[in-house]
Amino acid sequence: MVSHHRWLFTLLLILIGESSYGQPIRIIKYPDLQQILESPNDSILIVNFWATWCAPCVAEIPHFEKISTQYAASKVKVILVSLDAASLLEKKVEPFIARKRIKSAQVVLLDETDYNTWIDKVSSDWSGALPFTLIINKKTKLMKGFERPFTEAELAAELKPFIQ
Amino acid sequence: MKTAFFLCAVTATFLAVSAFSVIQPGYQIGDKVMDFSLKNVDEKTISLGSDKTTKGYVLVFTCNTCPVAQAYEQRVIDLDKKFASKGYPVIAINANDGQLSPGDSYEAMKKRSADKKYGFPYLIDETQQVAITFGATHTPTVFVVQRQGSDFVIKYIGAIDNNAQDGGQASQKYVQNAVNELLTGQPVAVPTAKAIGCGIKWKKV
């Protein structure tokens, strides 16, 4: 009975999410991010670090959604890691994601503001400038970091070597 | 044949190394700084060597438009108030391309520094060469340099503190600690610290 309710509740959440509110955005901590980056599987992961206050980030977000849809069959998974303040999740991040119709790319908010404790762990190539994007082939362990914004064509070109 | 192969290998290595050095991320701790001349908001040109009395500088790559730089603006003003009299004044440098980011134009810089009553120079790095030489990638980023004879040596690179939203809540005041350590003749305990910020708006080439 309980599980039945839970199932209905989930369905309801999905329906609401799809129709009006956009996807639910999870607030995560560094160990969760580490899990995302390091868990073994056979996907090609694109992880983009962004914030609603970062103009070049906002400009390239639709490219990630498009790539996520286009390359889903090639096991490409896109995760958009917001570095907005957790207190702005409902006021800024969720409305932005709904407005931009981000559905295929998964969005999380990383609530870790003592940046020096984790930036190097994500990539020693990352100075802290936003936007920053990692492309990881989980199978081959091939990984590359990009500390610059992309056009859609640039992102597709950089993704190519990661897809066998 | 062997020699030719060796020469090829040497050339290839040299090319690889020189190609790599082009994208090398600027100064490291302990490096001597090449002095620069940049235009201040009062139209005058400023160099590190202009003022012979300082013990060093707190160089801040910043800008008008970045929300993180804005969040740190008062803290930069306070750093200058605190340390200028002790020999470590602030020099702020804006390297954002004014065409890509009109809010960071020279005129906008003049207005900002007047409105906020900056007590320190706010220099425009129009060619972006100073930012490239230092290896500054985002705003705000601080380089603390110490005068050693006629040279200036990099002693700290990175964030101002570890709480962008509220300086009062910061448990690590990186720049303040570094300057205090330099003033008391101690080594800088935390010589680099990273934080997120706005990527510098590089000119399109």
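Predicted model: local features only at pLDDT ≥ 70, side-chain atom pairs only at ≥ 80, totals over all residues.
Which residue does A:Ile135 stand opposite in β7(A)? That's A:Lys144. The two strands involved are β6, residues 132-137, and β7, residues 143-146, both in chain A, and they pair in the antiparallel sense over four bridges. One step along, A:Thr133 has A:Phe146 across from it in β7(A). Together β6(A) and β7(A) make a hairpin, with five residues between them.

How many of the six residues of β6(A) are buried? Five, so to speak mostly covered.

Strand β5 of chain A, residues 129-130, runs parallel to β10(B), and two bridges join them. A:Ala129 is the one standing opposite B:Gly197. As for the contact between the chains as a whole, it takes 17 residues from chain A and 15 from chain B. On the chain B side, the largest share comes from strand β10, residues 197-199, with three residues. By type, that side of chain B splits into seven nonpolar, seven polar and one charged.

Chain B itself, then. It has five helices and ten strands, and of its 205 residues 39% are buried. Taking contacts in chain B between residues at least 6 apart in sequence, 71% join residues at least 24 apart.

The sheet is the bit to trace on screen. Eight strands of chain B form an open sheet, mixed in its pairing, and the order reads β2-β1-β5-β4-β3-β7-β8-β9. Why is one side of β2 and of β9 left without a neighbour in the sheet? Because β2 (45-46) and β9 (192-193) of chain B stand at the edges, each with a single partner strand. Further in, β3 (residues 56-61) and β4 (residues 90-94) of chain B run parallel, joined by four bridges, with B:Val60 opposite B:Ala92. Helix α2 of chain B, residues 67-83, packs on the sheet there and touches both β3 and β4 of chain B. Its direction makes about 150 degrees with that of β4(B).

Last stop, the nonpolar core. The largest one has 90 residues, and the members touching the most others are A:Leu130, B:Val58, B:Ile93 and B:Val175. Take B:Val175: leaving out residues up to four places away in sequence, what does it touch? The list is B:Val58, B:Leu79, B:Val142, B:Val144, B:Tyr156 and B:Ile160.

That's my tour, thanks.

Terms used:
Residues numbered from 1 in each chain as written. Chains lettered and ligands numbered in written order. Pairing = 2+ DSSP bridges. Contact = placed C-beta atoms within 7 Å. Nonpolar A, V, L, I, M, F, W, Y, C, P; charged D, E, K, R; others polar. Buried ≥ 20, exposed ≤ 12 C-beta atoms within 10 Å, placed from the backbone. Axes fitted to C-alpha atoms, helices over the stretch in contact; angles between N-to-C directions. Core = buried A, V, L, I, M, F, W, Y, C linked by C-beta atoms within 7 Å.
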